[in-house]
Amino acid sequence: MKQKKRERLYMFGGAFIAAAGAVALTLTALSQSITYFYTPSELADLEEAPTRPIRLGGLVLDGSVKHPTGPTSGEQITFVVTDGGAEVRVSYKGLLPDLFREGQGVVVQGKLIGANDLVADNVLAKHDENYMPKEVADALKEQGRWKDGDAGS
């Protein structure tokens, strides 16, 4: 009888260790693929700039889009993303979405270099006149920069 209890204890202990290992591996893999969302003001308030890729959301500052050789060249494009409180300069190499415009909501994903420059891998623009990414709309509402006529998702 004592032998059976010991075998059960070893079996449950081994199952617990295996389950804990699986959970640890899953959490490690997830933590490496998570991309945090920030607004320009939130980035400015951080004590240390993130070293991992991030998502940055806000409005494209009017007059800030610079196309070196034309809008469809696929060359390095720079623009400024703002939330009205702070600004981050974004560099992107590739074609921008068709609906990308100055003054419109945008979410860019990439890596910060320095405190105020982001090299983007991906640019997402709003898809119609009434849509703005939820994160951007929420951040603008928090800062009191939301216009009543605009609609979020």
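Predicted model: local features only at pLDDT ≥ 70, side-chain atom pairs only at ≥ 80, totals over all residues.
Local features need pLDDT of at least 70 and side-chain atom pairs count only at pLDDT 80 or more, while totals for chains, interfaces and linings use all residues. Residues are numbered from 1 along each chain as its sequence is written, and side-chain values use heavy atoms, with hydrogens and water left out.

Strand E3 spans residues 76-82. Helices (H or I, at least four residues) and strands (E, at least two) are DSSP runs, numbered from the N terminus. Of the 7 residues in E3, 6 are buried (buried means under 20% relative accessible area, exposed over 50%, partly exposed in between; 1.4 Å probe, protein chains only).

E3 pairs with two strands, as listed below; pairing requires at least two DSSP bridges between the strands.

| Strand paired with E3 | Bridges | Direction | Opposite residues |
|---|---|---|---|
| E2 (residues 54-60) | 2 bridges | antiparallel | valine 60 and valine 81 |
| E4 (residues 87-93) | 7 bridges | antiparallel | threonine 78 and serine 91 |

E3 and E4 form a hairpin with 4 residues between them. In its turn, glycine 84 has a positive phi of about 90°.

A search of the whole structure finds 1 aromatic pair. Phenylalanine 79 and phenylalanine 100 form this pair, with 4.9 Å centre to centre and 65° between the planes, which is edge-to-face. Rings of Phe, Tyr and Trp (its six-membered ring) pair if their centres lie within 6.5 Å; planes under 30 degrees apart count as stacked, over 60 as edge-to-face and the rest as tilted. Phenylalanine 79 lies in E3 and phenylalanine 100 in the loop between E4 and strand E5 (105-113), so the pair ties together parts that are 21 residues apart in sequence. Phenylalanine 79 counts as buried because its relative accessibility is 0%. Phenylalanine 100, at 11% relative accessibility, also counts as buried.
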